[in-house]
Amino acid sequence: MQVSIACTEQNLRSRSSEDRLCGPRPGPGGGNGGPVGAGHGNPPRGGGSGPKARAALVPRPPAPAGALRESTGRGTGMKYRRSSYVITTKIFGGGQAETERGLSRKHIIEGLQGSLERLQLGYVDIVFANRSDPNSPMEEIVRAMTDVINQGLALYWGTSRWSAAEIMEAYSMARQFNLIPPVCEQAEHHLFQREKVEMQLPELYHKIGVGSVTWSPLACGLITSKYDGRVPDTCKTTIKGYQWLKEKMQSEDGKKQQARVMELLPIAHQLGCTVAQLAIAWCLHNEGVSSVLLGVSSAEQLIEHLGALQVLSQLTPQMVMEIDALLGNKSHSKK
């Protein structure tokens, strides 16, 4: 298991955040439609612009200095397994032009080239494909991803928000035409979102070796005891574009989820941790999870979230059963 740091485009453009979270880099940059993950460890197990932009790319910078390693090691018990880090980006159809939608070959290749130019990198470790347009031909997607790997723009490719059937189709397509299959799925997974990671993907873990990089372990900040059923003025929900989160928190389901979070407090107190740390440790406890993406806005928040690693070692099967009983949403296999 590994924990990854999600640096948003705003984080990467901030000199102070950049130095503290992502280490030195040779210039400003950002991702293409998603967080850039810098995880310590190997990638999960498993199988734009034109020429001018490509010519401007520079080699990957050196790994972060030892300051972050020492501070996180002392404060969280985090064990570094090697001196490398993993950088990922994501392609998704969010543009207005027809060629910027879906996962066409043009959009994948030019989108990744543009992302690399902004990041000032020669390549990324993993490029994720967000299946925003189900009409994109699967063979075109797999061939395009194989091409960007063969061109040295990425080392691996993964899927994001794909169904198990779509991932299996991509894998079969790759095997049929001697192409490169995806190595991991980027899926939402937290205390209130369990079905896909726990019920739909496990068969793929064992059948084709694909791993999972899960995101939103705190459900966009919903899983924290600090709200106590209220929405403070300093909450993320007050930010433009996050009205949906405020509506979700104030909905009937949101209020029920907040009540469940408060019921987790005794377990968190027993372990001497916060509810957020407990929730992250719970995500890491799942055997099918290769990595958990942490979206942080400061070094202090990162240190706190990494404290989940110490909680993980104390999370007994009995405590997991107690959490499942409180949540009442554990899925059971039909087999």
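Q: In this predicted model, which backbone nitrogen lies 2.9 Å from a polar atom of the side chain of glutamate 185?
A: The backbone nitrogen of arginine 161 does. The side chain of glutamate 185 also reaches the backbone nitrogen of serine 160, at 3.5 Å.

Q: Where is glutamate 185 found, and is glutamate 185 buried or exposed?
A: Buried means under 20% relative accessible area. Glutamate 185 has 0% relative accessibility, so this residue counts as buried. Its place is strand E6, residues 184-188. Leaving out residues up to four places away in sequence, glutamate 185 touches several others, including Thr159, Trp162, Ile167, Lys196 and Val213.

Q: Which residues of helix H7 are buried?
A: In an α-helix there are 3.6 residues a turn, so residues three or four places apart point the same way. In H7 the buried residues are Ala164, Glu166, Ile167, Ala170, Tyr171, Met173 and Ala174. They pack against strands E5 and E6 and helices H6, H8 and H9. H7 covers residues 164-176 and spans 18 Å from its first C-alpha to its last, close to the 18 Å expected. Asparagine 178, which follows H7, has a positive phi, near 55 degrees.

Q: How are helices H5 and H6 placed, roughly parallel or roughly perpendicular to each other?
A: Packed helices are described by the angle between their axes and the distance between the axes. The axes of H5 and H6 come within 9 Å and cross at roughly 30 degrees. Angles under 35 degrees count as roughly parallel, and H5 and H6 are therefore roughly parallel to each other. The crossing of H5 past H6 is right-handed. Arg105, Ile108, Ile109 and Leu112 of H5 make the contact with residues of H6, among them Glu140, Ile141, Ala144 and Val148.

Notes: Residues are numbered from 1 along each chain as its sequence is written. This is a predicted model: local features need pLDDT of at least 70, side-chain atom pairs count only at pLDDT 80 or more; totals for chains, interfaces and linings use all residues. Side-chain values use heavy atoms; hydrogens and water are left out. Helices (H or I, at least four residues) and strands (E, at least two) are DSSP runs, numbered from the N terminus. Buried means under 20% relative accessible area, exposed over 50%, partly exposed in between (1.4 Å probe, protein chains only). A polar contact is a pair of N or O atoms within 3.5 Å; within protein, one must be able to donate a hydrogen and the other to accept it, and residues adjacent in sequence count only if both atoms are side-chain atoms. Contact means heavy atoms within 4.5 Å. The expected span of a helix is 1.5 Å times one less than its number of residues. Axes are lines fitted to C-alpha atoms, for helices over the stretch in contact, and angles run from 0 to 180 degrees between N-to-C directions. Angles under 35 degrees count as roughly parallel, over 145 as roughly antiparallel, 65 to 115 as roughly perpendicular and the rest as oblique. A crossing is left-handed if the near helix is turned anticlockwise from the far one by less than a right angle, and right-handed if clockwise.
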